[in-house]
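Please read them with the structure open.

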Amino acid sequence: MAAFERLCHQLEVHDECQFTMADLVAMMPSEDSYSERYLAQLLKDKYKDRVIIVERPGRSPILCFLGENFDQIGNVWYKNRSTDLQEERRRIVQKAAEIIRSDIFTMVHEPEFFPDLSGSNQNFAPDSLMSFLNTVTLPRKQRESSERRNRICDVLAHSIICTARPHVISPIQLGLGIWVHRKLGSKTLCDILYRMGSCVHYSVIQEYEKSAVIHSRLDFDSDAYIQLVFDNFDFNTATVDGHGTVHSMGGMIFVTPSTGVPPPSQLPRLTSETKKISLSQFGSIPLQIYRKPVQNGLSQITAADLRPEVSLLSTSQAESVSTARQLDLLWLIGNTGMPRIIPGWSG
């Protein structure tokens, strides 16, 4: 049981409150490891209502560790009321913050996947936090919620959650980081926004883009119209010695209608194995090396008559075909020697 006690100590001092049971089993020594079901039962017996275990079909359950017993905290708070008005107001605000914090730590987030960026993020923040922010940001002369204020409340809620739980990825912060990186290509700006609590770390943006390349889906609907567009680009060509230049080609796939594209699925995060995979293995066309033949190029050309055999035609048809061939040959020879004098001939 010493290994189990060490695991419990790690849970109590860890800055994250949510783990998969597979992660907890991996944290224990191999010689003392338990099964997920047995370990979950031990944690329930030890912490009782201080842990919440969420079952997921086909995947490892998620454990949410609440830490302190909030029922006992509530009883102590009611007993320690203060007669001083300012002190009592401070205690109320602090208790409200503890309640919101407990709700934040009980929210279940998928640790194996990136959040959905399609815009359906209503369940990312707890209701208590959103109610608090909507009340705080409500103007004095405006009693109806506006779209801009709701968006600001969402941004504030995501920043608070990611500050309290640094391992949680916010869809708003991830989307902003991806947009800044693709639109402006500035790592410095991403780092500044990350320090201000408005964006994910630059490494998360790189991980997302790499995962999108590795897990890209090309199973389009067979009835959809698909068009491939390719273009080349040259980088750093204005050099003195011609070294250090890059000549490459990229392409895009356009599909219409939009229903021909499969619906987006959850994008898996990179594991320790997939992080080692090079992006050069995906989305690229192998290079075809041209090898110059030993003989002269003209000697490799084989001329063949693709027109019908004259012997298979009637006499009048054969004469017309023979005359047309002679005219074609005459024009070809004349155009080669005197291109400015010989008029155009379409055969």
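**Notes on helix packing and salt bridges**

1. Helix α1 (residues 2–13) and helix α3 (residues 36–47) pack at an angle of about 65 degrees, and their axes lie 12 Å apart. Axes here are lines fitted to C-alpha atoms, for helices over the stretch in contact, with angles running from 0 to 180 degrees between N-to-C directions; helices are DSSP runs (H or I, at least four residues) numbered from the N terminus. The model is a predicted one, in which local features need pLDDT of at least 70 and side-chain atom pairs count only at pLDDT 80 or more, while totals for chains, interfaces and linings use all residues. Residues are numbered from 1 along each chain as its sequence is written, and side-chain values use heavy atoms, with hydrogens and water left out.

2. The two helices α1 and α3 are therefore roughly perpendicular to each other, a label given to angles of 65 to 115 degrees. Their crossing is right-handed, that is, the near helix is turned clockwise from the far one by less than a right angle.

3. On the α1 side, F4, E5, L7, C8, L11 and E12 meet L39, L42, L43, K46 and Y47 of α3, where contact means heavy atoms within 4.5 Å. The residues of this contact divide into 8 nonpolar, no polar and 3 charged, with Leu, Phe, Tyr and Cys among the types counted as nonpolar, and Glu and Lys among those counted as charged.

4. Across the whole structure, a search finds 7 salt bridges, each defined as a side-chain nitrogen of Lys or Arg within 4 Å of a carboxyl oxygen of Asp or Glu. One of them joins E5 to K46, with the closest N and O atoms 4.0 Å apart; this pair links distant parts of the chain, since E5 sits in helix α1 and K46 in helix α3, 41 residues apart. E5 is partly exposed at a relative accessible area of 41%, and K46 is partly exposed at 39% (buried means under 20%, exposed over 50%, partly exposed in between, with a 1.4 Å probe and protein chains only).

5. E87 forms a salt bridge with R90, the closest N and O atoms being 2.5 Å apart, and both residues lie in helix α5 (residues 85–106), 3 residues apart, about one turn of the helix. E87 is partly exposed, with a relative accessible area of 29%, as is R90, with 43%.

6. In helix α7 (residues 147–164), E147 and R151 are 4 residues apart and so separated by about one helical turn; their side chains meet in a salt bridge of 3.1 Å, N to O. E147 counts as exposed at 61% relative accessibility, whereas R151, at 46%, counts as partly exposed.

Key. Parallel < 35°, antiparallel > 145°, perpendicular 65-115°, else oblique.
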